[in-house]
Amino acid sequence: MEDTSTDMDLPRVLITSLQNEKAKEIANNMGAKYLSQQADIEHHLLDIDNKYYTAQILLCTTKNLSIDPTNYEAMIFYYELETEDALHLVEEQVLPLLAQSEAEILLLVCNSIPNTAVREKVIEWCALRKFELIELEHSDPQDIMDLEEDQSKYGIDRIIEALETHMWPNINLKDSRKTTIQEPEPEVNEVGDQLENVRINNAQDISERLQMESVLDGIMNNEGADFGELFSHLRAMKEHAASMPSNQRRVAAEQLVTAFWKAIGGDPSEVDDID
């Protein structure tokens, strides 16, 4: 029998659903590998391997909402949200867990919400509690077209992308010099322009922007940030900056340019006079 004791020490993500096998199905669709089962919790190993870093995390799937939620860095709740009563059930079952948890990533996942009025209430609920709403399918083809036009991911791909925005404690950054060979990074001044000129995407949930908020703060306060680390979070920084007033957005852009410049060995004084 394979020894999984080391895997059990990995950062954990909770995936819950009252539907039989639904949490396990989500983990499988994310590409996670089944490891073991302890009581009513199944453990699945997920390898994150993107352009900028690698990491391994443990996806813990269960129907049991009476578990201890304190050891999870991300929590994913699946519900069918076709009626307001379903949202009341979410509030009744999920809020007690949140009171005990310090998870930084909170995702409310459903198949789809065809009722516009219900969807608006769910989005509002998520925004107030710093959740991101993720629909696995979209009943309106126009929604899919809008997402694809904006190059925004949805469904399982968005769940994975949301997890990739987190700074996992076992993250292994890739050599940024190698990534520049495969695809040129943007010029430092272009990064500042992107951040300063970004506009809010109306098709994007308010809850997503709220979840991104901590990413920029953490990166900007890291004096020793690596170029690859900074660039891997550029999209999250842009999302956060979109909610700022224009004057604050300009300050954030200047700070970001300075951070990028320092990460490639530049003297901060050389970018003090950004226009």
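Analyst: Let us begin with E25 and K22, which both lie in helix α1 (residues 22-29), three residues apart, about one turn of the helix. Helices (H or I, at least four residues) and strands (E, at least two) are DSSP runs, numbered from the N terminus. This is a predicted model, in which local features need pLDDT of at least 70 and side-chain atom pairs count only at pLDDT 80 or more, while totals for chains, interfaces and linings use all residues. Residues are numbered from 1 along each chain as its sequence is written, and side-chain values use heavy atoms, with hydrogens and water left out.

User: What do the side chains of E25 and K22 meet in?
Analyst: They meet in a salt bridge, at 3.2 Å from N to O. The term requires a side-chain nitrogen of Lys or Arg within 4 Å of a carboxyl oxygen of Asp or Glu.

User: Is E25 buried, exposed or partly exposed, and which is K22?
Analyst: E25 is partly exposed, with a relative accessible area of 37%, whereas K22 counts as buried at 12%. Buried means under 20% relative accessible area, exposed over 50%, and partly exposed in between (1.4 Å probe, protein chains only).

User: How many salt bridges does a search of the whole structure find?
Analyst: The search finds six salt bridges. One of them joins the side chains of D49 and K174, at 2.7 Å from N to O. This pair links distant parts of the chain, 125 residues apart: D49 is in strand β3 (residues 41-49), and K174 is in the loop between β8 (172-173) and α6 (176-182). D49 is exposed, at 55% relative accessible area, and K174 is partly exposed, at 32%.

User: What about R158 and E132? Where do they lie?
Analyst: Their side chains also meet in a salt bridge, at 2.7 Å from N to O. R158 belongs to helix α5 (residues 156-164) and E132 to strand β7, so the pair links distant parts of the chain, 26 residues apart. R158 is buried, with a relative accessible area of 3%, and E132 counts as buried at 2%. Salt bridges that share partners join E132, R158 and E161 into one network.

User: New topic: how many aromatic pairs are there in the whole structure?
Analyst: A search finds two. In one, F77 and F131 form a tilted pair, 6.0 Å centre to centre with 50 degrees between the planes. Rings of Phe, Tyr and Trp (its six-membered ring) pair if their centres lie within 6.5 Å; planes under 30 degrees apart count as stacked, over 60 as edge-to-face and the rest as tilted.

User: Why does that pair tie together separate parts?
Analyst: F77 lies in strand β5 (residues 74-78) and F131 in the loop between α3 (116-128) and β7 (132-135), so the pair ties together parts that are 54 residues apart in sequence. F77 is buried, with a relative accessible area of 0%, and F131 counts as buried at 1%.

User: And why is the pair of W125 and F131 tilted?
Analyst: Their ring centres are 5.3 Å apart and their planes are at 45 degrees, so the pair is tilted. Ring pairs link F77, W125 and F131 into a cluster.

User: Finally, how many helices and strands does the chain have?
Analyst: The chain has eleven helices and eight strands. Of its 275 residues, 47% count as buried.
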